[in-house]
Amino acid sequence: MKVVSLFSGAGGLDLGFKMAGHDILWANDLYEDAVNTYRLNLGDHIVCEDISKIDSEDIPECDIIIGGFPCQGFSVANMKRHIGDERNELYKQLIRIINAKKPKFFLAENVKGLTNLAKGKVFEMILSDFTQLGYKVKSKVLNAADYGVPQTRQRVIIVGVRNDVDFEYEYPLPTHQKDGEGGLKRWVSVSNALSDLPDPDQPNDIPNHEYSKYKLEFNGYLGHRPLDPDKPAPTVTARGDNKGGVVILPHPNGQRRMSCRELASVQSFPVDYKFSGNRSSVYRQIGNAVPPLLGYAIANVFNEYKEV
């Protein structure tokens, strides 16, 4: 597939598509640190600009448009969410570009909370908007842990196939299962994911292997709950843009916060994937990313499409 990526962030979804053998022609994001991270790891084909200011003529023709459109207005972590949240309108930019380029496929990723906002009415509206562009649209909530990510992160994946394209997108079958039943591998635990990383307080040359000194206080709130080392981590969250706070998970040892590199491993980024910006920015980029292994599983299905 020739891919155009919107709301690319630090490149988690794009890395997954690249791992599956697809060719990313053009990408876009507004957050400068994330764009710098993207360039550092994936290439110079990303444009740092507000998507609403980009003419669709300046975007190349492609087979598929992908985008984890900004979700802070939809997220269940955002208790103030409401239908009128201006950030909920950003998906319309995705619609504008899809309508202009008319690719064979599109793929949109978002938080599970999107499906129940306003008792599901917002989600129905979004699916209807995509359908009216001339696409067969389906959606499914996938758990990243089912695809080898050491994190129980649930995301809704919306896939559109242009009406004249003869292809049925089938969501990838899980490769992992909570207890390793049905011939599948057991979910990857957080301790397993972090096992190869040295103590960040000891000398090392691993990029981004530093952690917040923000005090641990286990009080049951998000980011303040002890981690079971034998299970995947809970969802890594970032609370959005560069104005939002970051919820940094504690290390399974209960003594400190996870380092940026450890959090990236929980998101299934490879250890040599370098992040740009200060520590707070790096945490946020990681929290906002699509886990590359989940991206790979989703992207690999498109390899089954054969053009007649």
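Tutor: Gladly! Let's begin with aromatic pairs: rings of Phe, Tyr and Trp, with Trp represented by its six-membered ring, pair if their centres lie within 6.5 Å. Keep in mind that this is a predicted model.

Student: How many aromatic pairs does that rule give?

Tutor: The count comes to twelve aromatic pairs. Take phenylalanine 105 and tyrosine 305: their ring centres are 5.2 Å apart and their planes stand at 80 degrees, so this pair is edge-to-face. The cut-off behind that label is an angle over 60 degrees.

Student: Where do phenylalanine 105 and tyrosine 305 lie along the chain?

Tutor: Phenylalanine 105 belongs to strand 5 (residues 105-111), while tyrosine 305 is in the segment after helix 8 (292-300), so the pair ties together parts that are 200 residues apart in sequence. Now look at how much of each is accessible. Buried means under 20% relative accessible area. Phenylalanine 105, at 0%, therefore counts as buried, and tyrosine 305, at 15%, is buried as well.

Student: Which pair is tilted?

Tutor: Tyrosine 273 and phenylalanine 275 form a tilted pair, with 5.4 Å from centre to centre and 55 degrees between the planes. Both of these residues, tyrosine 273 and phenylalanine 275, are buried. Rings can also group beyond pairs: one aromatic cluster is formed by Phe17, Phe105, Phe167, Tyr169, Tyr171, Phe302 and Tyr305.

Student: Which charged side chains lie over the ring of tyrosine 211?

Tutor: Here you check how far the charged end is from the ring centre, and whether it lies over the face. Lysine 213 lies over the face of tyrosine 211, at 4.2 Å from the ring centre. The charged end of arginine 256 also sits over that ring, 5.0 Å from its centre.

Student: How many disulfides does a search of the whole structure find?

Tutor: The general idea first: a disulfide is a covalent bond between the sulfur atoms of two cysteines. In this structure, the search finds zero disulfides.

Student: Which residues have a positive phi although they are not glycine?

Tutor: Phenylalanine 7 is one of them, with a phi of about 50 degrees. Phenylalanine 7 is found in the loop between strand 1 (2-6) and helix 1 (12-19), and is buried at 13% relative accessibility. Serine 268 also has a positive phi, of about 75 degrees. Serine 268 sits in the loop between helix 6 (260-266) and helix 7 (279-288), and is buried with a relative accessible area of 13%.

Student: Is serine 8 buried or exposed?

Tutor: Serine 8 counts as buried, at 8% relative accessibility. You will find serine 8 in the loop between strand 1 and helix 1. The C-alpha atoms of serine 8 and isoleucine 97 are separated by 14 Å, and these residues are 89 apart along the chain.

Student: What lines the second largest pocket?

Tutor: To read a pocket, look at its volume and then at its lining. The second largest pocket holds about 170 Å³ of space. Its lining is made up of Thr152, Lys178, Asp179, Arg186, Trp187, Asp230, Lys231 and Pro232. By class, that gives two nonpolar, one polar and five charged residues.

Notes:
Residues are numbered from 1 along each chain as its sequence is written. This is a predicted model: local features need pLDDT of at least 70, side-chain atom pairs count only at pLDDT 80 or more; totals for chains, interfaces and linings use all residues. Side-chain values use heavy atoms; hydrogens and water are left out. On a 1 Å grid over the protein atoms alone, a cavity is a set of points where a 1.4 Å probe fits but cannot get out, and a pocket is an open set with protein on both sides within 12 Å along at least five of seven lines; lining residues have an atom within 4 Å of a point. Grid points are joined across faces, edges and corners, and a volume is the space filled by probe spheres set on the points. Ala, Val, Leu, Ile, Met, Phe, Trp, Tyr, Cys and Pro count as nonpolar, Asp, Glu, Lys and Arg as charged, and the others, Gly among them, as polar. Rings of Phe, Tyr and Trp (its six-membered ring) pair if their centres lie within 6.5 Å; planes under 30 degrees apart count as stacked, over 60 as edge-to-face and the rest as tilted. Helices (H or I, at least four residues) and strands (E, at least two) are DSSP runs, numbered from the N terminus. Buried means under 20% relative accessible area, exposed over 50%, partly exposed in between (1.4 Å probe, protein chains only). A charge sits over a ring if NZ of Lys or CZ of Arg is within 6 Å of the ring centre and within 35 degrees of the ring normal. A disulfide is a pair of cysteine sulfur atoms within 2.5 Å.
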